[in-house]
Amino acid sequence: MTKAVLWTAKDAETATGGKTTGNWSVTGISIDSRKVSKGDLFIALKGPNFDGHKFAQAALDAGASAVMVSDTNGITDTDKVLLVDDTMDALVRLGLAGRARSSAKIVAITGSVGKTGTKEALKYVLSQQGKTHASPASFNNHWGVPISLATLPVDAQYGVFEIGMNHPGEISPLVKMVKPSVALITTVVGAHTEFFKDEAEIAMAKAEIFDGLESDGAVILNRDNMHYFALARRAKELGLGNIKCFGTDAMANYRLFEANIVTDGSAVRARIGGRDLEYFIGCPGEHWVLNSLAVLGCVDAIGADPLRAAQDLADVTPPAGRGEISTVKVPSGDGTFTLIDDAYNANPTSMMAGIKVLSQTKPGDGGRKIAILGDMRELGDDAVRLHADLHQPLTALEIDRVYCVGPLMAELDKTLPEDKNAGHFDTAEDAIEPIKADLRSGDVVLVKGSLGIYVSKIVSALKSCGVVYSPAETQN
């Protein structure tokens, strides 16, 4: 299928204030020359340890239609150059122009946990009702947000943008670019505590998402979260009166009555905007149930059909790295095991959610519940205690075996009961072979850890034994 043109040379020149002599057009945007697709605009960003200008000609050779640079050195296809003073500034201007020309209804999402999964679920259900654009992967920072805006199709009806942060002041400039009509905060918990005094400070940093809303915009908050009232008060201080909430609380606009969590998802009974609904979401876990309420709240607030969206949630499955469940061949070749890939990130709240999903997943005959846990990063002074204390839920929820990966997980290794402790490993690579040798048919295996500890390498190694079934691969 032919991709639609995002930017012509003239439009990009006008948007960025740059100069070009060519008559090109682009259908996508890339900042990584190794991932350039045919028709892309390659933007050569600079950083302390990298300079994309070194790869501009390579991007053109790989199929890029044009490159945006501040230095033409080494580029032979000069008619495919958009020359700007500063590529990062020009990217922001391109994103602003992409937003200005769009009439899409926009939702912005932030929160300590659940941002990306909620974004993907909302993107899916809205896409069943109209053309929908969303931030790719975790494009939620100072370059990811403008790229997501710059790739917003002119004819999109809906847009879903994830906005992240780990320091105060990061969300406000990004959401002012996005200019959403709905702002969702999934929850506020102790993530990135290394950079904040306390959770209340994290909550106020998340509240920066209100800065981009017009006065008639909708705010959607987690009523069950302890910071709900502080967030609602902050929204009112900014003149925002349309405040809705989700959760189990009797006052919630999007209220959970009951959930039956099973291996392949959750059956939910809830009240959505005054209407009682029963639906199934293809993601197991209490956190997914609550986030499904947030999804339906956003659908309702943006003016789409929440009843249809509730029905479409049955087709939503966890993204890779965020709870994706696969059936994989046992490394020995005898039988299969269930792999829960939650390896993208971790903090105490998401770790607890992952352990609960593992505890609720039934092993096959002779199988065990196995947790492979990597370090939780950015926890500041509480890091040692929070890792050591994980022995409590692991024991209470009857997890059979636990592998500890990384220097911080050495603290859990000290507190785990001996009969559950499968060993501590300094790196993910060190753990791979012992894990593969230990697995047997019927096992259920959770892999969970912060991105920087690379437990995703364990997932890749296990999947290399042969994936029998994966919902994501089926959808692709």
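Which side chains meet in a salt bridge with an N to O distance of 3.8 Å? The side chains of arginine 308 and aspartate 312 do.

## Basis of the report

This is a predicted model, in which local features need pLDDT of at least 70 and side-chain atom pairs count only at pLDDT 80 or more, while totals for chains, interfaces and linings use all residues. Residues are numbered from 1 along each chain as its sequence is written, and side-chain values use heavy atoms, with hydrogens and water left out.

## Salt bridges

A salt bridge is a side-chain nitrogen of Lys or Arg within 4 Å of a carboxyl oxygen of Asp or Glu. By this rule the structure has 20 salt bridges. Side chains of opposite charge can pair when their charged atoms come close. Arginine 308 and aspartate 312 are four residues apart in helix H10 (residues 306–312), and are therefore separated by about one helical turn. Helices (H or I, at least four residues) and strands (E, at least two) are DSSP runs, numbered from the N terminus. An α-helix has 3.6 residues a turn, so residues three or four places apart point the same way. Arginine 308 is partly exposed, with a relative accessible area of 37%, whereas aspartate 312 is buried at 14%. Here buried means under 20% relative accessible area, exposed means over 50%, and partly exposed lies in between (1.4 Å probe, protein chains only).

Glutamate 258 and arginine 269 also form a salt bridge, at 3.4 Å from N to O. This pair links distant parts of the chain: glutamate 258 belongs to strand S15 (residues 254–262) and arginine 269 to strand S16 (residues 265–272), eleven residues apart. Glutamate 258 is partly exposed, at 46% relative accessible area, and arginine 269 is partly exposed at 34%. Elsewhere, Arg368, Arg401, Asp438 and Asp443 are linked in a network of salt bridges.

## Helix H16 and its surroundings

Helix H16 covers residues 456–463, and Ile458, Val459, Ala461 and Leu462 in this helix are buried. Seen down the helix axis, the buried residues of H16 fall within an arc of 165 degrees, so they line one face of the helix. The arc is that of the directions from the helix axis to the C-beta atoms. The elements that cover these buried residues include strands S18 (324–329), S19 (336–342), S20 (369–374), S21 and S23 (444–448), together with helix H15 (428–438). 

Lysine 463 and glutamate 324 meet in a salt bridge, with 2.7 Å from N to O. The two residues link distant parts of the chain, since lysine 463 is in helix H16 and glutamate 324 is in strand S18, 139 residues apart. Glutamate 324 is buried, with a relative accessible area of 3%.

## Aromatic rings

Rings of Phe, Tyr and Trp (its six-membered ring) pair if their centres lie within 6.5 Å; planes under 30 degrees apart count as stacked, over 60 as edge-to-face and the rest as tilted. The structure holds three aromatic pairs. One of them joins tyrosine 228 and phenylalanine 229 edge-to-face, with 5.0 Å between centres and 75 degrees between planes. Tyrosine 228 is buried at 9% relative accessibility, but phenylalanine 229 is exposed at 54%. Another pair is tyrosine 403 with phenylalanine 425: the ring centres are 6.2 Å apart and the planes are at 25 degrees, so the pair is stacked. Tyrosine 403 is in strand S21 (residues 401–405) and phenylalanine 425 is in strand S22 (residues 421–425), so the pair ties together parts 22 residues apart in sequence. Tyrosine 403 is buried at 3% relative accessibility, and phenylalanine 425 is buried at 16%.

Charged side chains also sit over rings. The rule is that NZ of Lys or CZ of Arg is within 6 Å of the ring centre and within 35 degrees of the ring normal. Arginine 322 lies over the face of tyrosine 344, at 3.8 Å from the ring centre. Lysine 457 lies over the face of tyrosine 454, at 5.1 Å from the ring centre.

## Isoleucine 281

Isoleucine 281 is in strand S17 (residues 275–281) and is buried, with a relative accessible area of 1%. Isoleucine 281 and leucine 313 are 32 residues apart in sequence, yet their C-alpha atoms are 4.8 Å apart in space. Not counting residues up to four places away in sequence, the residues that isoleucine 281 touches (heavy atoms within 4.5 Å) include Asp264, Val268, Trp288 and Leu313.
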